[in-house]
Amino acid sequence: MSKIGYARVSSKEQNLDRQLEALEHVFKVFSDKVSGQSTKRPQLKAMLDYIREGDIVVVTELDRLGRNNKDLTTIMNEIQQKGATLEVLNLPSMNGIDDENLRRLINNLVIELYKYQAEAERKKIKERQQQGIRIAKGKGKFQGGKRKFEENDPRLNLAFDLYLKGYTDKEVEEQTGINRRTFRRYRQRYNIYRDKLKKHLNKNQSQINER
């Protein structure tokens, strides 16, 4: 039996130190720097592949594993299917309970209650945000989120140029520092598509050939 830790922060700029310090007592730690809503968390997958029957997966908080009830349930089921259990450091400790089946039962009940509470809180936050937006719109004060890039931004135009030359979204992100999800939104906003460029080039070539 080994304790296996998992840590996560939502972006590369954030620091894992606090979580890693809390997980110093575990045998091995896997960590990701990516949003909990993302399906691409390579170190989470590596951790799930690594654990064996009897292991204990340790996280500082339950939302380090996932940000919504569905993802959490899926991940917890994978942990249980491996014969491992989950320990969440900010939830009540199961220390002192020797019966493993009882520990597992109480642990699962506590986690299910926490999941329900966290999901309910997230829904309340969204409802309050929507209510605030409606009130602001009614007063004519809501202008939406401020755009990060204007259409004539040099870095954004470099990204468009690289994309139209055949660079992938990942390569564009590496070259310009613009997050690929953000870049996709701006492509859609300004109607930047490779197929349109290809049609335009083909049309020009046809006109040249006709001459």
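This is a predicted model: local features need pLDDT of at least 70, side-chain atom pairs count only at pLDDT 80 or more; totals for chains, interfaces and linings use all residues.

Q: What makes up the chain, and in which order do the elements run?
A: There are 8 helices and 4 strands. Starting at the N terminus, they go β-α-β-α-β-α-β-α-α-α-α-α. Of the 211 residues, 31% are buried. The accessible surface is about 14,600 Å², and carbon and sulfur atoms hold 47% of that.

Q: Why are Tyr-163 and Phe-183 called an aromatic pair, and what makes the pair edge-to-face?
A: Ring centres have to lie within 6.5 Å, and these two are 5.9 Å apart.

Q: How do you know that the Tyr-163 and Phe-183 pair links distant parts of the chain?
A: Look at where the partners sit: Tyr-163 is in helix H5 (residues 154–164), while Phe-183 is in helix H7 (residues 180–189). That puts them 20 residues apart.

Q: Why do Tyr-163 and Phe-183 count as buried?
A: The cut-off is under 20% relative accessible area. Tyr-163 comes in at 9% and Phe-183 at 0%, so both get the label.

Q: What makes the pair of Tyr-186 and Tyr-190 tilted?
A: Their planes are 35° apart. Stacked needs under 30 degrees and edge-to-face needs over 60, so what is left is tilted. The centres are 6.1 Å apart, and the pairing limit is 6.5 Å. Both residues are buried too, because 4% for Tyr-186 and 15% for Tyr-190 are under the 20% cut-off.

Q: Which residues form one aromatic cluster?
A: Phe-149, Phe-160, Tyr-163, Phe-183, Tyr-186 and Tyr-190 do.

Q: How do you know that the charged end of Lys-28 sits over the rings of Phe-30 and Tyr-50?
A: Part of the test is distance: NZ must be within 6 Å of the ring centre. The charged end is 5.3 Å from the centre for Phe-30 and 5.7 Å for Tyr-50.

Q: Which residues of helix H6 are buried, and what puts them on the same side?
A: In H6 (residues 169–176), they are Asp-169, Val-172, Glu-173 and Thr-176. Their arc around the axis is only 100°, so they share one side of H6. Glu-174 and Gln-175 are exposed on the other side. The cover over the buried residues includes H5 and H7. Just after H6, Gly-177 has a positive phi of about 80°.

Q: Where is Asn-191, and why is it called partly exposed?
A: Asn-191 lies in the loop between H7 and helix H8 (194–210). Its relative accessibility is 41%. Buried ends at 20% and exposed begins over 50%, so a value in between is partly exposed. Its phi is near 60°, which is positive although the residue is not glycine.

How values were computed:
Residues are numbered from 1 along each chain as its sequence is written. Side-chain values use heavy atoms; hydrogens and water are left out. Rings of Phe, Tyr and Trp (its six-membered ring) pair if their centres lie within 6.5 Å; planes under 30 degrees apart count as stacked, over 60 as edge-to-face and the rest as tilted. Helices (H or I, at least four residues) and strands (E, at least two) are DSSP runs, numbered from the N terminus. Buried means under 20% relative accessible area, exposed over 50%, partly exposed in between (1.4 Å probe, protein chains only). A charge sits over a ring if NZ of Lys or CZ of Arg is within 6 Å of the ring centre and within 35 degrees of the ring normal. The arc is that of the directions from the helix axis to the C-beta atoms. Contact means heavy atoms within 4.5 Å. Accessible areas come from the Shrake-Rupley method with a 1.4 Å probe; for residues, only the protein chains shown count as cover.
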